[in-house]
Amino acid sequence: MQFDPSTIVYDACRIIREKIVEGGESGLGESKNYGLFLADEDPKKGVWLEPGRSLEYYLLRNGVPNPLNFIGN
């Protein structure tokens with residue numbers, strides 16, 4: 001999925017959850033248990049994105065591949 005860089009992390013998670021549910025996946029649990037994780041080249045490193053920040057804060061922009069994952073924490 002692609003998002004505008006000004007999108008707030010919380011809103012991006014909400015949109016992703018909606019798409020997953022539309023695709024037939026259920027039983028995701030509470031939305032507070034999910035977030036966006038920005039992986040590093042080193043598999044032992046990475047950062048959870050703060051829900052109130054924009055994607056742009058993390059230098060995430062359109063057209064640039066990013067190892068971003070939507071996962072339960």
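Reader: What makes up the largest nonpolar core?

Author: Twelve residues do, 12 in all: Phe-3, Val-9, Ala-12, Cys-13, Ile-16, Leu-36, Leu-38, Leu-49, Leu-55, Tyr-58, Leu-60 and Phe-70. Keep in mind that this is a predicted model.

Reader: What makes a set of residues a nonpolar core?

Author: Its members must be buried, of a nonpolar kind, and joined through side-chain atoms within 4.5 Å. The residues from Phe-3 to Phe-70 named above make up such a set.

Reader: Which elements each supply at least two residues of this core?

Author: Helix H1 (9-22) and strand S1 (34-39) do. H1 gives the largest share, 4 residues.

Reader: How many helices and strands does the protein chain have, and in what order do they run?

Author: There is 1 helix and there are 3 strands. From the N terminus on, the order is α-β-β-β.

Reader: What does Leu-49 touch, beyond residues up to four places away in sequence?

Author: Leu-49 touches Val-9, Leu-36, Phe-37, Leu-38, Leu-55, Tyr-58, Leu-60 and Leu-68. To count as a contact, heavy atoms must lie within 4.5 Å. Leu-49 is itself one of the core residues.

Reader: How do you know that the buried residues of H1 line one face?

Author: Start with the list. Val-9, Ala-12, Cys-13, Ile-16 and Arg-17 are buried in H1. Seen down the helix axis, the buried residues fall within an arc of 135°, so they line one face. Tyr-10 and Glu-22 are exposed on the other side of H1.

Reader: What covers the buried residues of H1?

Author: The cover includes S1 and strand S3 (68-72).

Reader: How does the span of H1 compare with the span expected at 1.5 Å a residue?

Author: H1 has 14 residues. From first C-alpha to last it reaches 20 Å, close to the 20 Å expected.

Reader: Why is the pair Asp-11 and Arg-14 called a salt bridge?

Author: The cut-off is 4 Å between a side-chain nitrogen of Lys or Arg and a carboxyl oxygen of Asp or Glu. Asp-11 and Arg-14 meet at 3.8 Å, N to O.

Reader: Where do Asp-11 and Arg-14 sit in relation to each other?

Author: They are 3 residues apart in helix H1, which puts about one helical turn between them. An α-helix has 3.6 residues a turn, so residues three or four places apart point the same way.

Reader: What about Arg-14 and Glu-18?

Author: They also form a salt bridge, with the closest N and O atoms 3.3 Å apart. Again the limit is 4 Å, so this pair qualifies. Arg-14 and Glu-18 are 4 residues apart in H1, or about one helical turn.

Reader: Why is Asp-11 called partly exposed?

Author: Under 20% is buried, over 50% is exposed, and partly exposed lies in between. Asp-11 has a relative accessibility of 28%, so partly exposed is the word. Arg-14, at 36%, is partly exposed too. So is Glu-18, at 41%.

Reader: How many salt bridges does the structure hold?

Author: It holds 3. One of them joins Glu-50 and Arg-53, whose closest N and O atoms are 3.7 Å apart. Glu-50 is partly exposed at 42%. Arg-53 is partly exposed at 31%.

Reader: What does Ile-71 contact, leaving aside neighbours within four places in sequence?

Author: Ile-71 is in contact with Asn-33, Tyr-34, Gly-35, Phe-37 and Trp-48. Its place is in strand S3. Ile-71 and Phe-37 are 34 residues apart along the chain, yet their C-alpha atoms are separated by 7.2 Å.

Reader: Why is Ile-71 not called buried?

Author: Buried means under 20%. Ile-71 has a relative accessible area of 34%, so it counts as partly exposed.

Reader: What makes the phi of Leu-59 worth a remark?

Author: Most residues other than glycine have a negative phi. The phi of Leu-59 is near 60°, a positive value in a residue other than glycine. Leu-59 is found in the loop between strand S2 (46-48) and S3.

Reader: Is Leu-59 buried or exposed?

Author: Exposed. Its relative accessibility is 59%, and the cut-off is over 50%, so the word applies.

Terms used
Residues are numbered from 1 along each chain as its sequence is written. This is a predicted model: local features need pLDDT of at least 70, side-chain atom pairs count only at pLDDT 80 or more; totals for chains, interfaces and linings use all residues. Side-chain values use heavy atoms; hydrogens and water are left out. Buried means under 20% relative accessible area, exposed over 50%, partly exposed in between (1.4 Å probe, protein chains only). The expected span of a helix is 1.5 Å times one less than its number of residues. The arc is that of the directions from the helix axis to the C-beta atoms.
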